[in-house]
Amino acid sequence: LVETKRSDLILTRHFAAPRALVFRAWTDPQMMAAWFGPEGMTTTAEMDVREGGAFTLVMHDGKGGDYPINGRFDAVVANELLVMIMSAEHHPPEWHAMSRGKFEALGGRPEDYVGGPIPTEISFMDDGDGTVVIVRQTFPLALVRDAHVALGNPVGWRGSFAKLDSLLKG
């Protein structure tokens with residue numbers, strides 16, 4: 001399920017796995033590397049999972065392109081909550097140009113474009129036979145969120161979630 005509210009993008013997904021295992025998949029670098037990133041991409045992960053700890057996730061497209069996401073953990077509550085401040089500032093310049101282009105195509109003025117870190121809150125809740133995960137990304141402006149949606153953000157998350165689902169079943 002994908003929703004938009006204010007400047008947020010909210011993704012909800014049920015996984016048929018215990019909450020502790022799903023949480024571990026988000027906090028163990030080897031597990032995170034196995035599922036994070038859109039279909040067709042691989043990922044390397046370095047993570048210091050503690051409040052204030054840093055992380056780097058680099059998605060590799062297999063054609064020599066790397067898409068780093070780095071940031072920090074603002075909150076870590078075992079099996080319940082992660083708040084990751086995610087930055088794509090080191091993505092390739094072409095990606096940034098596409099993001100700005102989408103923003104402008106949606107009616108945004110070039111001088112109003114705001115990039116920068118995206119607070120991402122991940123909640124984990126028991127749900128009968130598994131776990132519900134809610135990912136809430138808060139963008140600086142609704143139009144920036146819409147540009148990310150137009151670039152395929154929800155599609156990338158769906159691909160990641162499909163890989164996570166397979167990992168949890170294995």
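Which strand is Thr 4 found in? Thr 4 sits in strand E1. A quick caveat before going further: what you're looking at is a predicted model.

With a relative accessibility of 46%, Thr 4 counts as partly exposed. If you skip its neighbours within four places in sequence, Thr 4 is in contact with Leu 9 and Arg 145. Ile 69 is another story: Thr 4 and Ile 69 are 65 residues apart in sequence and 22 Å apart in space, going C-alpha to C-alpha.

The loop between E1 and E2 holds Arg 6. This residue, Arg 6, is exposed, at 65% relative accessibility. For background, most residues other than glycine have a negative phi. Asn 79 also has a positive phi, of about 65 degrees, although it is not a glycine. You'll find Asn 79 in the loop between E5 and E6, and Asn 79 is partly exposed at 28% relative accessible area.

**Helix H4**

Arg 145, the contact of Thr 4, brings us to helix H4, which runs over residues 142-151. Which residues of H4 are buried? They are Val 144, Arg 145, Ala 147 and His 148. Seen down the helix axis, these buried residues fall within an arc of 160 degrees, so they line one face of H4. The general rule here is that an α-helix has 3.6 residues a turn, so residues three or four places apart point the same way.

What does that buried set pack against? The partners are strand E1 (2-5), strand E2 (8-15), helix H3 (93-105), strand E7 (118-127) and helix H5 (153-169). Just after H4 comes Gly 152, with a positive phi of about 110 degrees.

**The largest pocket**

His 148 turns up again in the largest pocket, where Met 59, His 91, Trp 95, His 148 and Asn 153 lie nearest the centre out of 35 lining residues. The volume of this pocket is about 840 Å³. Strands E5 (66-77) and E6 (81-87), along with H3, H4 and H5, each supply at least two residues of the lining. Sorted by class, the lining has 20 nonpolar, twelve polar and three charged residues.

**The nonpolar core**

The largest nonpolar core has 37 residues, and Trp 26, Met 32 and Phe 36 touch the most other members. In soluble globular proteins, nonpolar side chains tend to be buried together. Take Met 32: leaving out neighbours within four places in sequence, Met 32 is in contact with Ala 25, Trp 26, Ala 45, Met 47, Leu 57 and Met 84.

Helix H5 contains both Lys 163 and Asp 165. Are they buried or exposed? Lys 163 counts as buried because its relative accessibility is 17%, under the 20% cut-off. Asp 165 is buried as well, at 16%. Beyond four places in sequence, Lys 163 is in contact with Ala 34, Trp 35, Phe 36, Gly 37, Pro 38, Glu 39 and Met 41. Asp 165, counted in that way, touches Arg 13 and Phe 15.

Ala 75 lies in strand E5 and is buried, with 16% relative accessibility. Not counting residues up to four places away in sequence, Ala 75 touches Glu 51, Leu 81, Leu 82 and Val 83.

Over in strand E8 (residues 130-138) you'll find Ile 134, which is partly exposed at 24% relative accessible area. Ile 134 has contacts beyond four places in sequence with Ile 10, Leu 11, Thr 12, Glu 121, Ile 122, Ser 123 and Met 125.

Here are some C-alpha separations for residues discussed above.

| Pair | Apart along the chain | C-alpha to C-alpha distance |
|---|---|---|
| Lys 163 and Phe 36 | 127 residues | 7.6 Å |
| Ala 75 and Ile 85 | ten residues | 9.6 Å |
| Ile 134 and Thr 12 | 122 residues | 4.5 Å |

Key
Residues are numbered from 1 along each chain as its sequence is written. This is a predicted model: local features need pLDDT of at least 70, side-chain atom pairs count only at pLDDT 80 or more; totals for chains, interfaces and linings use all residues. Side-chain values use heavy atoms; hydrogens and water are left out. Buried means under 20% relative accessible area, exposed over 50%, partly exposed in between (1.4 Å probe, protein chains only). Helices (H or I, at least four residues) and strands (E, at least two) are DSSP runs, numbered from the N terminus. The arc is that of the directions from the helix axis to the C-beta atoms. Contact means heavy atoms within 4.5 Å. On a 1 Å grid over the protein atoms alone, a cavity is a set of points where a 1.4 Å probe fits but cannot get out, and a pocket is an open set with protein on both sides within 12 Å along at least five of seven lines; lining residues have an atom within 4 Å of a point. Grid points are joined across faces, edges and corners, and a volume is the space filled by probe spheres set on the points. Ala, Val, Leu, Ile, Met, Phe, Trp, Tyr, Cys and Pro count as nonpolar, Asp, Glu, Lys and Arg as charged, and the others, Gly among them, as polar. A nonpolar core is a set of buried Ala, Val, Leu, Ile, Met, Phe, Trp, Tyr and Cys residues joined through side-chain atoms within 4.5 Å.
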